[in-house]
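Please look through the structure shown here.

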Amino acid sequence: MKIILSMVFCLGFLNLSFGQKDINDVKVYNMWSSYDYDTEKWSEWKANDEVFILNHNNSENIARCRLNNTILMYKKNNTAPIKKGKTPNGYEYQEIAVTGEFFVPYTLRFYENNPDFGLELIAGTVLIRFAKK
């Protein structure tokens with residue numbers, strides 16, 4: 001029930017807007033894993049509901065809603081176009097360069113056909129994957 005109320009709060013509060021054609025505007029993930037460069041391994045999947053809203057408020061910005069009702073805003077880098085790519089395994093993705101709090105640059109890679117995860121968040125040496133499991 002807590003999860004449902006938090007998501008309803010985020011979706012209602014943010015006044016959803018749609019416009020991006022190639023990827024869905026709302027992405028919901030309930031698991032995450034981080035990469036450890038020292039061991040060169042991914043952590044075990046951990047539960048944590050997050051909602052990513054693309055094109056928030058008729059902009060190219062992305063809102064990230066967390067279970068505790070925290071909302072983080074990512075501003076799209078207007079000088080960097082959305083890139084399309086494909087992994088060596090054939091999974092297609094779209095890569096968006098954004099800026100987060102304190103002007104930290106992030107790269108968000110949204111996957112459409114990857115059965116293991118749907119989003120990679122990259123910030124310097126931080127690499128996190130989000131999945132719907």
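Contact here means heavy atoms within 4.5 Å. This is a predicted model, in which local features need pLDDT of at least 70 and side-chain atom pairs count only at pLDDT 80 or more, while totals for chains, interfaces and linings use all residues. Residues are numbered from 1 along each chain as its sequence is written, and side-chain values use heavy atoms, with hydrogens and water left out.

Leu108 touches, among others, Ile62, Tyr74, Val98 and Leu121, not counting residues up to four places away in sequence. With that same exclusion, Lys27 touches Glu50, Val51, Phe52, Leu54, Phe110 and Glu112. Lys27 is found in strand β1 (residues 26-36); strands are DSSP runs of E, at least two residues long, numbered from the N terminus. Lys27 is buried, with a relative accessible area of 9%, where buried means under 20% (1.4 Å probe, protein chains only).

Phe52, one of the residues that Lys27 touches, also forms an aromatic pair with Phe130, at 5.4 Å centre to centre and 65 degrees between the planes, which is edge-to-face. Rings of Phe, Tyr and Trp (its six-membered ring) pair if their centres lie within 6.5 Å; planes under 30 degrees apart count as stacked, over 60 as edge-to-face and the rest as tilted. Phe52 lies in strand β3 and Phe130 in strand β10, so the pair ties together parts that are 78 residues apart in sequence. Phe52 is buried at 0% relative accessible area, and Phe130 is buried at 2%. Ring pairs link Tyr29 with Phe52 and Phe130 into a cluster.

Technical notes:
Helices (H or I, at least four residues) and strands (E, at least two) are DSSP runs, numbered from the N terminus. Buried means under 20% relative accessible area, exposed over 50%, partly exposed in between (1.4 Å probe, protein chains only).
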